[in-house]
Amino acid sequence: MKIKIASALIFLITFGITQAQQSGHYSSVNVEARTRSHDKSTNSFWGPWKSYETRLIDNFTDFKPTLNFNMDKYGNDETRTYKATGYFHAEKINGRWWVIDPFGHPGLHVAVNTVSQGKSKRNQEALEQKFNNTENWINQTHNEIINLGFNGTGSWSDIKAIVKSNNKTSKVLSYTINLDFMSGYGNKRGGTYQVPGHKGYPNNVIFVFDPDFEKYCNEEAKKLVAYKNDPNLFGYFSDNEMPFSLKNLEGYLNLPEKDLGHQAAQAWMDKKGITKEQINDSIREEFLGYVAERYFSIVSKAIKKYDPHHIYLGARLYGSERNVPAFMKAAGSYVDILSINYYGTWTPSQKIMLQWSEFSGKPFIITEFYTKGEDSKLGNTSGAGWEVKTQEDRGKAYQNFCLGLLESKNCVGWHWFKYMDNDPTEANAEPSNTDANKGIVDNYYNLYRPLTNAMKQLNLNRFALIKYFDGLNSK
């Protein structure tokens, strides 16, 4: 009997079964979903539809949702107060990480990416017809996003407009800034190219060993003095989705011998007394940690030199580097909060999310995720993310994913990608954003109500749900 019990516990831990699941506190539903997977033989962009177990707030038998909670102007828990610095910072309290806002109130950063006007002709015509001008658009959009229970804006949002709207309302949308240090340096240096979702680099390795990169970061960071005293700024991203991977060592070594990256990798090998024939995954991991140490030390030094007040959010990780201890340890030495774009899973893995913080010693924010609806009539062939049948199913997917994030004591927020659908009529759109239902609004600035109603319910119950989950896990 003891063997059977032990085996059951191992199964539960391995597969990330939660306390709520073990105790039977909810009844799940199933949602049909599929992922993009181009099959050349059939010229199909999609894998098969499959059924996925999905948790919803209303299906918890011992949790009563409410739309009323005591939140301050930043959308955080005003019933509790900790150390106030006048700016956002992260703090671990009783085993759970929190974002502490300028008032000292704990909370999460729950944001929408790319809160900006659409660029296509029909987007602009719709904006003029519905809002008349940019000022009316941002003021109404600001209130709409707050009403949905979000409290911030993420990457690629219209910062100038948001700063102005924050001055006209009692409820603030804290904002983030993308600095693009490496991609900006690459544009200046030459050698980068566009790939879907981010910049590409020669041999999939960044220019972190160029001495001029550090000089470039220092010059660019001087611009941060314009923001350093704004309490509504949440924090900075230094870059987006860079090609950190175990293949980096060979990538640098296969550059031309005159390249500074090749020379740095070869010098590292020589110092270790390692030949190419001796390279294995352990050595690759150690070298990736070396690359991370150099990158994050350079960019964080530049940021903190000119703005010591605000959070450094890292570089929006998206690949296998998230699961490499040496990389995450190096990153964690310099970031305040890790930013991670989390695709490819229907329900977040508690085991993997725990590892991220164990490896790094820091909390994390999920800075990209989304689900597309087939009923939008858009092609949905660009970008990552899941496709489901309806907008109602998009809402179910949001609740299921975010419930998993709330269970993690190391997650301090999430950013939905994104505000507006990709418009297939937009010329010269970035390759991963050409024709897909990613938005909370369509191309005419109309909310997808079945989606946003589910978002609102989850967002406004986030503190009650944390209390609920932490109570279950303490039993």
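**Figure 1. Lining of the largest cavity.** In this predicted model, the largest cavity is lined by Tyr342, Tyr343, Gly344, Thr345, Trp346, Phe369, Tyr370, Thr371, Trp386, Ala397, Tyr398 and Phe401. The space in this cavity comes to about 100 Å³, and the count of cavities of 30 Å³ or more comes to one. Sorted by kind, the lining residues of the largest cavity are nine nonpolar, three polar and no charged. Helix 13, which spans residues 391–407, gives the most to this lining, with three residues. Rolling a probe the size of a water molecule over the atoms shows where empty space is left.

**Figure 2. Lining of the largest pocket.** The largest pocket holds about 1,000 Å³ of space, and 43 residues line it. Of these lining residues, Gly197, Phe417, Glu430, Ser432 and Asn433 lie nearest the centre of the pocket. The lining of the largest pocket divides into twelve nonpolar, 18 polar and 13 charged residues.

**Figure 3. The largest nonpolar core and the surroundings of Tyr295.** The largest nonpolar core has 112 residues, and among these Tyr295 and Trp414 touch the most other members. Helix 10, made up of residues 281–306, gives the most to this core, with twelve residues. A second, separate core consists of twelve residues, including Tyr74, Trp97, Ile365 and Val412. When residues up to four places away in sequence are not counted, tyrosine 295 touches Met182, Ile206, Val208, Phe213, Ser238, Asp239, Met242, Phe244, Tyr312 and Ala315. In soluble globular proteins, nonpolar side chains tend to be buried together.

**Figure 4. The buried face of helix 7.** Helix 7 covers residues 211–221, and its buried residues are Phe213, Tyr216, Cys217 and Ala221. Seen down the axis of helix 7, these buried residues fall within an arc of 125 degrees, so they line one face of the helix. Among the elements that cover the buried residues of helix 7 are helix 6, residues 181–189, and helix 10. One of these buried residues, Phe213, is also among the residues that tyrosine 295 touches.

Figure 5. In helix 12, which runs over residues 350–360, Met353, Trp356, Ser357 and Ser360 are buried. The buried residues of helix 12 lie within an arc of 85 degrees when seen down its axis, so they line one face of the helix. They pack against helix 11 (325–332), strand 14 (338–341), strand 15 (364–368) and helix 13. After helix 12 comes glycine 361, whose phi is positive, near 80 degrees.

**Figure 6. Aspartate 423, lysine 418 and tyrosine 445 in one loop.** The loop between strand 18 (411–416) and helix 14 (449–460) contains aspartate 423, and lysine 418 and tyrosine 445 are also found in the loop between these two elements. Aspartate 423 is buried, with a relative accessible area of 1%. With its neighbours within four places in sequence left aside, aspartate 423 is in contact with Ser120, Arg122, Asn123, Thr434 and Asn443. Proline 348 and aspartate 423 are 75 residues apart in sequence, and their C-alpha atoms are 29 Å apart in space. Phenylalanine 417 and lysine 418 are joined by a cis peptide bond, with omega of about 20 degrees. Tyrosine 445 has a phi near 70 degrees, a positive value in a residue other than glycine, and it is buried, with a relative accessible area of 1%. Most residues other than glycine have a negative phi, and most peptide bonds are trans.

Figure 7. Tryptophan 156 is placed in the loop between strand 8 (152–153) and helix 5 (159–166). The phi of tryptophan 156 is positive, near 65 degrees, in a residue other than glycine. Tryptophan 156 is partly exposed, with a relative accessible area of 35%.

**Figure 8. Histidine 105 and its contacts.** Histidine 105 sits in the loop between strand 5 (96–100) and strand 6 (106–107), and it is buried, with a relative accessible area of 12%. Not counting residues up to four places away in sequence, histidine 105 touches Asp72, Asn76, Asp77, Glu78, Arg80, Thr81, Val99 and Ile100.

How values were computed: Residues are numbered from 1 along each chain as its sequence is written. Side-chain values use heavy atoms; hydrogens and water are left out. A nonpolar core is a set of buried Ala, Val, Leu, Ile, Met, Phe, Trp, Tyr and Cys residues joined through side-chain atoms within 4.5 Å. Buried means under 20% relative accessible area, exposed over 50%, partly exposed in between (1.4 Å probe, protein chains only). Helices (H or I, at least four residues) and strands (E, at least two) are DSSP runs, numbered from the N terminus. Contact means heavy atoms within 4.5 Å. On a 1 Å grid over the protein atoms alone, a cavity is a set of points where a 1.4 Å probe fits but cannot get out, and a pocket is an open set with protein on both sides within 12 Å along at least five of seven lines; lining residues have an atom within 4 Å of a point. Grid points are joined across faces, edges and corners, and a volume is the space filled by probe spheres set on the points. Ala, Val, Leu, Ile, Met, Phe, Trp, Tyr, Cys and Pro count as nonpolar, Asp, Glu, Lys and Arg as charged, and the others, Gly among them, as polar. The arc is that of the directions from the helix axis to the C-beta atoms.
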